[in-house]
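User: I would like to learn how to read a few features of a model, one at a time. Please give the general idea and then the case at hand.

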Amino acid sequence: MDTAARTRRIRTTAIAAVLAMLVGCSYTTPELRAEIPANSEASVIVASNGSELTTLHAGENRTEISLADIPQHVQDAVVASEDRRFWSHIGIDLRGIVRAFRRNVDHGEILEGGSTITQQFVKNAIIGSDRTLDRKIEEASLAIQVERQYTKEEILEFYLNTIYFGAGAYGIEAAAQVYFAIPASELDVAQGAMLAGLVKAPSDYDPFINADGALERRASVLKAMADEGYIGEAEAAELSLTDIVLAPPAPDSSYPGAYFVEEVKRFILEHPAFGRSYEERLHLLFTGGLTIETTLDLRLQALAESAVQRTLSDPFDDPNAALVSMDPANGHVYAMVGGRDFFDGGPQSKFNLATQGQRPSGSSFKPLVLAAALEEGIELSSRYQAPASLNIDVTGGVWEVENYGGTEGGVVNLVDATVRSYNTAYAQLIMDVGPSDAVKVAADLGVESPLLAVPSAVLGSNDVSPLDMASAYSSFANRGVHNDPVFVTKVTGPDGDVIYQHDPSPVRVLDRDTADEITQVLQQVISRGTGVGARLGRPAAGKTGTGQNWADAWFVGYTPELVTSVWVGFAEGQIPMVPPTTRIRVTGGTWPAEIWQMFMSAALVEKPTSDFATAGGTDEGEDSDPPDQPDPAGDTAANGDAETPNFEEVVAPGELVSDVVGMRNELAADILTRAGFVVLTESVPDDQYPPGVVASMEPSGEAIIPAGSEIVLNVANGQRVKRVPDVLGEGTEAATAIVLGAGYEVEIIDEAEADPEAAEIRAGQIWKVDPGTRSPLEPGETVTIWANPL
């Protein structure tokens, strides 16, 4: 027998032995009893209108669909390219095994498995992809048993939902979305053929990076479809000549409301409805195919981000901002800004300033203490001294309190103490209320951050988050009824079963009259107090807050429909927001109020104006329209209702001047004119502010002056401040030319400087300039220079 014949006989014997072993294994291996493992399926988070925010998957982007949703020509393309005898074999293809075995024997290793669709499914979903002979035998045996337990249609559906198509897409639905941005049900023949061609080697035929290879592979699949009679040869040839039109790959993985989405994830990972342990909840979130319905309003989210970006327009030098906006009637959080850019790649960019960022609240905490006072029977008409400074004996020493800017307030009631934010009056109030009672009411209102029961709590010494403050003020807006913030309304599994449904649980935390009185007071903060920069032209209430050394600034306010909290500060620490660090001295009435006003105006533009007297939440057992409540929109001073203080009793030394430095001239003038002042403007050069912005004012902001007084606004005109040039060390002729060139007259004095040695060394040079170099000076004025004699 020659060598070739002997080799053929050995091969035939080996093939027969392997086939016998495979067949034997299919009967001797224990029967497959387990269900086909559930696929890892991406969870989707949707906005309040049902549109997708993002998908969550643990390394696999997968969405399962039924075989009925996959076009027949797509099924045919996969069968033709991967397993032509799929509809007739028993789970293994003997002819394919013989072909693969011959190739493997020739190379001495496992290079080709002759795998059917059923075997590929077993490998991907059940036993893994090790290339060993034992594993291939186990794969073939299990494939036969899978064919006994499931129909061909079920196996093909399993396969099409698990196979990898490249670009992170597992399953035909994910692949259709990634490559063509359409559902699998809309794939045409050419698109289906391209996707079927990817299964063999997704990275080799990736159309995003190897268009020619993808075209060749698609042509091969189309020919196979024609060979099997699924399409005609002419159609295959025609389709092979067409271009592959792909959906553009996503430039990045960003999505709207990223900080909001992080809160949604946190909710799922902490709620027991989604598993007994953190690991179970994590697995369900990223592989459970959940549909998570949220409260995020995409329009309001975009408006919130825009308001922050337009106000804090310099990403390098401006501070950060956080914003939370929610519906007081049900707690639904509609918008959240937690930082400048969640996706900028920096390690701190993922830190959510709206929920994780806790900073001193400043005077925005005062209404919470006022609520405690009213609940204890202290009336708004109660009068307090409001001196510029005050020392109060407390446990452990003396508490030194000062009003902002050293303002002397005189004797005021609690309305004016709030409107003008007198620290010294409120310091006395918290001593009357008791710090423990005050922080307890604040917690009841919705502040979840831990609060120390200390007197300075009234001035905002405790660290709170913007979400805390929005939640607390929502209790005022909802007339004393609190709803916890809501991010998720409903969660369903891949089969549509409801796993979680939000169950509203409103709680009365304040007497309704108390909440209404606070709203009346906070309306005046906006109409005539420190919050005039937040005016909306519709009923609104709110409070400013400025932290110590201007390191934090707040504005928290609401209408009957919407409550919004804004914080401004540097994320990296409590850095004073004063020039030159910032363009303006930042208080709660500047950038935070501007952001709040810009956002709320746009958010409510399509909402009809409603008054606090007829709006608000519905209490259990009460009508939604409370009877006979005083009109908070009217001038309280003219309201003779016995429950409301008579503001004519207030001893007011004058009117508070709002700090409008850094505002546009038109807005600043409108604010001051509405407050009863006469506004004059001067056009001035300025190195700090852009044209049309108030660079300084006389008198300064936060001063108290009589109504009708004149206020001069110095408005930047776009020209730089003229300054005396630096000519020290120059020769007389050069210095003279420089000064004249700058637009000044020049006077030269030949006089030696006091140090004879220095005068000799700098002979002929300028050693003194008056006014000093870089001093502001109007053109045409005289600059005097002193020169050492030669």
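User: How many salt bridges does the count come to?

Analyst: This is a predicted model, in which local features need pLDDT of at least 70 and side-chain atom pairs count only at pLDDT 80 or more, while totals for chains, interfaces and linings use all residues. Residues are numbered from 1 along each chain as its sequence is written, and side-chain values use heavy atoms, with hydrogens and water left out. A salt bridge is a side-chain nitrogen of Lys or Arg within 4 Å of a carboxyl oxygen of Asp or Glu. By this rule there are 17 salt bridges.

User: Which residue forms a salt bridge with Lys 265, and how are helices assigned?

Analyst: Helices (H or I, at least four residues) and strands (E, at least two) are DSSP runs, numbered from the N terminus. An α-helix has 3.6 residues a turn, so residues three or four places apart point the same way. The partner of Lys 265 is Glu 262, with 3.0 Å between the closest N and O atoms. About one helical turn separates Lys 265 and Glu 262, because they are three residues apart in helix α11 (residues 258-270).

User: Where do Lys 223 and Asp 227 lie?

Analyst: Both are in helix α9 (residues 211-227), four residues apart, about one turn of the helix. Asp 227 counts as partly exposed because its relative accessibility is 43%.

In helix α17 (residues 435-445), Lys 440 and Asp 444 are also placed four residues apart, about one turn. The salt bridge between their side chains is 3.2 Å, N to O. Asp 444 has 35% relative accessibility and therefore counts as partly exposed.

User: Which residues gather in the patch of negative charge?

Analyst: Patches are made of residues with over 30% relative accessible area and no salt bridge; like charges are joined within 9 Å, and nonpolar side chains (Val, Leu, Ile, Met, Phe, Trp, Tyr) within 5 Å. The surface patch of negative charge holds Glu 375, Glu 376, Asp 437, Asp 511 and Asp 513. One of them, Glu 376, sits in the loop between α14 (366-375) and β9 (383-385). Glu 376 has 39% relative accessibility, so it counts as partly exposed.

User: How many residues of α18 are buried?

Analyst: Twelve of its twelve residues are buried, among them Tyr 473 and Phe 476. The expected span of a helix is 1.5 Å times one less than its number of residues. Helix α18 (residues 466-477) reaches 16 Å from its first C-alpha to its last, close to the 16 Å expected. Just after α18, Arg 479 takes a positive phi of about 60 degrees.

User: What about other backbone features?

Analyst: Ser 421, which is not a glycine, has a positive phi of about 55 degrees. Ser 421 lies in the loop between α15 (414-419) and α16 (423-433) and counts as buried because its relative accessibility is 11%. The peptide bond from Glu 698 to Pro 699 is cis, with omega near -5 degrees.

Note on methods. Areas by Shrake-Rupley, 256 points an atom, 1.4 Å probe, with all protein chains shown as cover. Lys, Arg positive; Asp, Glu negative; His and termini not counted. Charge placed at Lys NZ, Arg CZ, Asp CG, Glu CD. Buried < 20%, exposed > 50% of the residue type's maximum accessible area, 1.4 Å probe, protein only.
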